[in-house]
Amino acid sequence: MRLDNKVAIITGAGSGFGAATAELFAERGAKVVVVDINAAAAEAVAAKITEAGGEAISVAANVADEKDVQAFVASAVDTYGHLDILFNNAGVYVPGTVEETDLAGWEKSVAVNLTAVFLGMKYAMPHLKETKGTIISTASAGGIIGFPGAIGYAATKGGVISLTRGAAVDYARDGVRVNAIAPGTGVTGMTEKLLEDPTIKEAFLAPIPEGRLGEPKDVAHAALFLASDFSSYITGHVLPVDGGWTMS
C-alpha cells in the first residue's frame, strides 16, 4: 500500500500510535504534518522522518484550540499545496467513575478526545472535498463496550464513533471517506505507567483472546489501510484493533 504524493496531518504524532503512523506513512510516500502539543516530541518525529529520506514538518498545537487547528491545517496546505488525509489521533485518558471524575477532568476529556476531532474535521473538510480525501479518527474499544473506571474516556470515544458515522453520511457524496480505529489496550505513553503494575497488566490482558497487548505498529498498519486506495469503498466504519477483545 502506497501513499505517494499524499499529504497527511497526524495529531498526537509525537509518540505512540501517532508517531508510528507518521513514520509508516512517510515510508510509504506521504508528506506528513506531525502535530503534537509537545513541540520537542513533534520535532523529533519529523526529524527522524526527514533523516530517513521522507518529507515532514512539525507543528506544536493544542488540538482542542480552534485557532491552533486552523493553523495546522493551513500549515499543511501552505507547505504542500493540498491535503489528502487527516488522522485525528490525539487523546487523553482521565481515570475515574462518574463519582470520582470532577468537572475539570470531564471537560478535559471532552475537549481533547471529542471537540478536537470535530474541529479537525471542520477545518480539514473543505480541503479534503477538493482531493476526495479521507479522515481517520482514533476511537477506542472503550467506546464500543463497557469500560471500567474511565467514564470520560469511554463516553468521549463513543462520541468519536458517532461523529465518524454522521460525518461519513454527510460527506459520502463529496467523495470524502470518514472512518475510525478502535484500539484495545496498547503499550503507549498513555498506559506505560499503569502497565508497570503486574496486577493491572494482567487485568488488561485477561479479556484479550490473542493474549497480548497492542503495539503502536498495529494501529499504524490499520491507519495505512484506511488511508490508502485499498479501502476506497469503506466509509463510516469503526475498525477494532484489539486482539479480539470487543468480540469476546
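## A guided tour of the predicted chain

In the protein chain, residues 24 or more positions apart account for 72% of the contacts with a separation of 6 or more, a contact being heavy atoms within 4.5 Å. The model is predicted: local features need pLDDT of at least 70 and side-chain atom pairs count only at pLDDT 80 or more, whereas totals for chains, interfaces and linings use all residues. Residues are numbered from 1 along each chain as its sequence is written, and side-chain values use heavy atoms, with hydrogens and water left out.

**Select the whole chain.** Eight helices and seven strands make up its secondary structure; helices (H or I, at least four residues) and strands (E, at least two) are DSSP runs, numbered from the N terminus. The radius of gyration is 17 Å, close to the 18 Å that the globule rule gives for 248 residues, so the chain is as compact as a globular protein of that length. That radius is taken over C-alpha atoms, and the globule rule is 2.2 Å times the number of residues to the power 0.38. The C-alpha trace spans about 50 × 40 × 35 Å along its principal axes.

Of the 248 residues, 49% are buried. Buried means under 20% relative accessible area, exposed over 50%, and partly exposed in between (1.4 Å probe, protein chains only).

**Select residues 177-183.** This is strand β6, in which seven of the seven residues are buried. In a regular strand the side chains alternate between the two faces of the sheet. Here R177, N179, I181 and P183 lie on one side and V178, A180 and A182 on the other, and all of them are buried.

Strand β5 (residues 134-138) pairs with β6 in the parallel sense over five bridges; two strands pair if DSSP finds at least two bridges between them. Within this pairing, I136 stands opposite N179 in β6. From β5 the chain passes through helix α5 (residues 151-171) to β6, and this β-α-β crossover is right-handed: with the strands pointing away from the viewer, the path from the first strand over the helix to the second runs clockwise. Strand β7 (residues 238-241) also pairs with β6 in the parallel sense, over four bridges. There, P183 stands opposite V241 in β7.

E210 forms one with R212, their closest N and O atoms being 3.7 Å apart. The side chains of R212 and D218 form another, at 3.1 Å from N to O. E210 is exposed at 53% relative accessibility, while R212 is partly exposed at 37%.

**Select R2 and D4.** Their side chains meet in a salt bridge of 2.8 Å, N to O. D4 is partly exposed with a relative accessible area of 41%, and R2 is partly exposed with 48%.

**Finish at A39.** This residue lies in helix α2 (residues 39-51) and is partly exposed, with a relative accessible area of 32%. Its C-alpha atom is separated by 8.2 Å from that of G14, 25 residues apart along the chain.

Technical notes. A salt bridge is a side-chain nitrogen of Lys or Arg within 4 Å of a carboxyl oxygen of Asp or Glu.
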